[in-house]
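Please open the structure in a viewer and keep the selection tool at hand.

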Amino acid sequence: MAKKTWIEKRDCVNSFKIKTIDKKFTDIPEGSKMFIATPKIIDDYVNHIPFGKSTELATMRNDLAIEYQADKTCPVTTGIFLRIVSEASFEELKAGKDIKEVTPFWRVVNPKSKLAEKLECGIDFIEKQRELEEIEK
């Protein structure tokens with residue numbers, strides 16, 4: 001079976017979960033309701049960040065937790081799904097889509113982050129897009 005593309009991973013239909021955790025997990029205390037998003041939810045969130053603005057990963061996690069009535073959003077799956085969304089957008093760009101038609105992941109992926117280092121587009125691409133939108137470093 002062929003490996004899924006990033007676009008296929010982003011577009012797969014999964015449902016989100018909210019689970020009560022029975023022990024402390026990263027920045028989430030025991031007994032908290034933890035929201036586990038989906039790539040589509042992350043994609044939708046990032047698409048709503050206005051041109052020229054950026055959002056911190058922590059802000060996105062808090063916003064999603066509030067929206068889905070949880071205490072916190074899982075940091076691990078959020079990072080994984082943000083990578084899927086970022087790579088899918090870059091795949092679309094490589095396939096000829098216009099920059100205005102793809103999810104603007106550079107508005108939430110900090111060029112100094114570990115995630116930025118892993119992305120195929122590279123840190124320079126993220127910095128260039130942020131510069132074009134006059135997003136402060």
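The stops below cover aromatic rings, cysteines, pockets, backbone angles and contacts between separate parts of the chain. The model is a predicted one.

**Stop 1**

Begin with the aromatic side chains, among which the structure holds 7 aromatic pairs. Select Phe16 and Phe35, whose ring centres lie 5.5 Å apart with 55° between the planes, a tilted arrangement. Phe16 belongs to the loop between α1 (6-11) and β1 (17-20), while Phe35 belongs to strand β2 (residues 33-36), so that the pair links distant parts of the chain, 19 residues apart. Now show the surface around both rings. Phe16 counts as partly exposed because its relative accessibility is 38%. Phe35, by contrast, has a relative accessibility of 0% and therefore counts as buried.

**Stop 1**

Next, select Phe105 and Phe125. Their ring centres are 6.0 Å apart and their planes meet at 20°, so this pair is stacked. Phe105 is in the loop between α4 (75-94) and α5 (114-118), and Phe125 is in helix α6 (residues 122-132); the pair therefore ties together parts that are 20 residues apart in sequence. Phe105 and Phe125 are both buried.

**Stop 2: a charge over a ring**

Move to Trp6 and Lys9. The charged end of Lys9 sits over the Trp6 ring, at 4.6 Å from the ring centre.

**Stop 3: the cysteines**

How many disulfides does a search of the whole structure find? The search finds 0. Select Cys74, which is in no disulfide; its nearest cysteine sulfur belongs to Cys12 and is 16 Å away. With a relative accessible area of 4%, Cys74 is buried. Then select Cys121, which counts as buried because its relative accessibility is 13%.

**Stop 4: the largest pocket**

Rolling a probe the size of a water molecule over the atoms shows where empty space is left. The largest pocket holds about 480 Å³ of space. Which residues lie nearest its centre? They are Val108, Val109, Asn110, Pro111 and Ser113, out of 25 residues that line the largest pocket. Colour the helices next: α4, α5 and α6 each supply at least two residues of this lining. Helix α4 gives the most, with 5 residues. Colouring by class shows 9 nonpolar, 5 polar and 11 charged residues in the lining of the largest pocket.

**Stop 5: the second largest pocket**

The second largest pocket has a volume of about 170 Å³. To display its lining, select Phe51, Ile99, Lys100, Val102, Pro104, Trp106, Arg107, Gln129, Leu132 and Glu133. By class, this lining comprises 6 nonpolar, 1 polar and 3 charged residues.

**Stop 6: positive phi angles**

Most residues other than glycine have a negative phi. Select Thr26, a residue other than glycine whose phi is positive, near 45°. Thr26 is placed in the loop between β1 and β2. Its relative accessibility is 43%, so Thr26 counts as partly exposed. Then go to Glu134, which is not a glycine either and has a positive phi of about 60°. Glu134 lies in the segment after α6. Is Glu134 buried or exposed? At 69% relative accessibility, Glu134 counts as exposed.

**Stop 7: contacts across the sequence**

Select Glu91, a residue of helix α4. Its relative accessibility is 19%, which is under the 20% limit for a buried residue. Draw a distance from Glu91 to Cys121: the two are 30 residues apart in sequence, and 9.3 Å separates their C-alpha atoms.

Finish at Pro111, found in the loop between α4 and α5. Pro111 counts as buried because its relative accessibility is 12%. How far from the C-alpha atom of Pro111 is that of Ile126? The separation is 6.1 Å, although Pro111 and Ile126 are 15 residues apart along the chain. Pro111 is also among the residues nearest the centre of the largest pocket, which returns the tour to Stop 5.

How values were computed:
Residues numbered from 1 in each chain as written. Predicted model: local features only at pLDDT ≥ 70, side-chain atom pairs only at ≥ 80, totals over all residues. Heavy atoms only, no water. Phe/Tyr/Trp six-rings, centres within 6.5 Å; stacked < 30°, edge-to-face > 60°. Helix = DSSP H or I, 4+ residues; strand = E, 2+ residues; numbered from the N terminus. Buried < 20%, exposed > 50% of the residue type's maximum accessible area, 1.4 Å probe, protein only. Lys NZ or Arg CZ within 6 Å of the ring centre and 35° of its normal. Disulfide = S-S within 2.5 Å. 1 Å grid on protein atoms, 1.4 Å probe; cavity = no way out; pocket = protein on both sides within 12 Å on 5 of 7 lines; lining within 4 Å. Points joined across faces, edges and corners; volume = space filled by probe spheres on them. Nonpolar A, V, L, I, M, F, W, Y, C, P; charged D, E, K, R; others polar.
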